[in-house]
Amino acid sequence: MLKELAEIYISSAKVGALTFGGGYAMLPILQREIVENKKWNKEEEILDFYALAQCLPGIIMANTLAFIGHQRKGKLGGLAAAIGAITPSLIIIIIIASLLTRFAHVALVQNAFAGVRVCVTVLIFNSILKLWKNSIIDKITLVIFMVVAFGSLLFDVSPVLFVILAGITGIIVTLMGVTDSGKGGSK
């Protein structure tokens, strides 16, 4: 049991150490570590955990990994994953905070941050493409995508509202049997 908890902690720490730029930037790293390398979860499960994690207070990455850890080894697995996720960030933040106040005005540092932002944008874009392939599976999910995309551009409301409404729509569509993929709204 201790070995498995350590493995959960280390995998979560890897994701935590390599994630720059927020929740979306973690998706390719999470997919590689948890889905491809460890084979602990399917990509669809990761997306479900990620969607739930966005609706909860706190760090999306830690919440997502806590769900994964909990699924593997219960409460202790969830705790090991959450602690593993935040450990690298705490160490890095302490180091950067002590240096940044002294060097934030240096052009080299400012340019480095600009480069990191561009890199994170590409990682997010790649995640979107992967999410698209696994999420937009029929006309109904395409309509949900378009409504949420335009709604989020036009209205300044919490993303939680969109997640809840999309979930309710998915339930209604499934209960009504209105899908064009023959899958009942799920994979």
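## Questions on the fold and its side-chain pairs

Colleague: What kind of model is this, and how many helices and strands does the protein chain have?

Modeller: This is a predicted model, so every value that follows is computed from predicted atoms. Read along the sequence, the elements follow the pattern α-α-α-α-α-α-α. The count for the protein chain is therefore seven helices and zero strands.

Colleague: What share of the contacts between residues at least 6 apart in sequence joins residues at least 24 apart?

Modeller: The C-alpha trace spans about 60 × 45 × 25 Å along its principal axes, and of the 187 residues of the chain, 27% count as buried. Among the contacts between residues at least 6 apart, the share that joins residues at least 24 apart is 58%.

Colleague: What share of the accessible surface belongs to carbon and sulfur atoms?

Modeller: The accessible surface of the protein chain comes to about 11,800 Å². Of that area, the part that belongs to carbon and sulfur atoms is 72%.

Colleague: How many salt bridges does a search of the whole structure find, and which residue pairs with Lys73?

Modeller: The search finds three salt bridges, and in one of them the side chain of Lys73 meets its partner at 3.0 Å, N to O. Lys73 lies in helix α4 and the partner in helix α1 (residues 2–18), so the pair ties together parts that are 69 residues apart in sequence.

Colleague: Where does Lys38, the salt-bridge partner of Glu7, lie?

Modeller: The side chains of Glu7 and Lys38 meet at 3.0 Å, N to O. Glu7 is partly exposed, with a relative accessible area of 33%, and Lys38 is partly exposed at 26%. Glu7 belongs to helix α1, and the pair ties together parts that are 31 residues apart in sequence, because Lys38 lies in the loop between α2 (23–37) and α3.

Colleague: How are the rings of Phe49 and Phe67 arranged?

Modeller: The structure holds two aromatic pairs, and in this one the centres are 5.6 Å apart with 20° between the planes. The pair links Phe49 in helix α3 (residues 43–54) with Phe67 in helix α4 (residues 60–103), 18 residues apart. Phe49 is buried at 14% relative accessibility, whereas Phe67, at 26%, is partly exposed. Because planes under 30 degrees apart count as stacked, the arrangement of Phe49 and Phe67 is stacked.

Colleague: What is the angle between the planes of Trp132 and Phe145?

Modeller: Trp132 and Phe145 form an edge-to-face pair with 4.8 Å from centre to centre. Trp132 lies in helix α5 (residues 107–135) and Phe145 in helix α6 (residues 139–154), so the pair ties together parts that are 13 residues apart in sequence. Trp132 is partly exposed at 37% relative accessibility, and Phe145 is partly exposed with a relative accessible area of 37%. The angle between the planes is 90°.

Colleague: How many disulfides does the model contain?

Modeller: Cysteines that can be described here include Cys55, partly exposed at 28% relative accessibility, and Cys119, partly exposed at 43%. A disulfide needs two cysteine sulfur atoms within 2.5 Å. By this rule the count of disulfides is zero.

Colleague: Which residue follows helix α7?

Modeller: Helix α7 (residues 159–176) has 18 residues and reaches 26 Å from its first C-alpha to its last, close to the 26 Å expected at 1.5 Å a residue. The residue that follows α7 has a positive phi, near 70°, and is Gly177.

Technical notes
Residues numbered from 1 in each chain as written. Predicted model: local features only at pLDDT ≥ 70, side-chain atom pairs only at ≥ 80, totals over all residues. Heavy atoms only, no water. Phe/Tyr/Trp six-rings, centres within 6.5 Å; stacked < 30°, edge-to-face > 60°. Helix = DSSP H or I, 4+ residues; strand = E, 2+ residues; numbered from the N terminus. Buried < 20%, exposed > 50% of the residue type's maximum accessible area, 1.4 Å probe, protein only. Expected span 1.5 Å × (residues − 1). Contact = heavy atoms within 4.5 Å. Areas by Shrake-Rupley, 256 points an atom, 1.4 Å probe, with all protein chains shown as cover. Salt bridge = Lys/Arg side-chain N within 4 Å of Asp/Glu carboxyl O.
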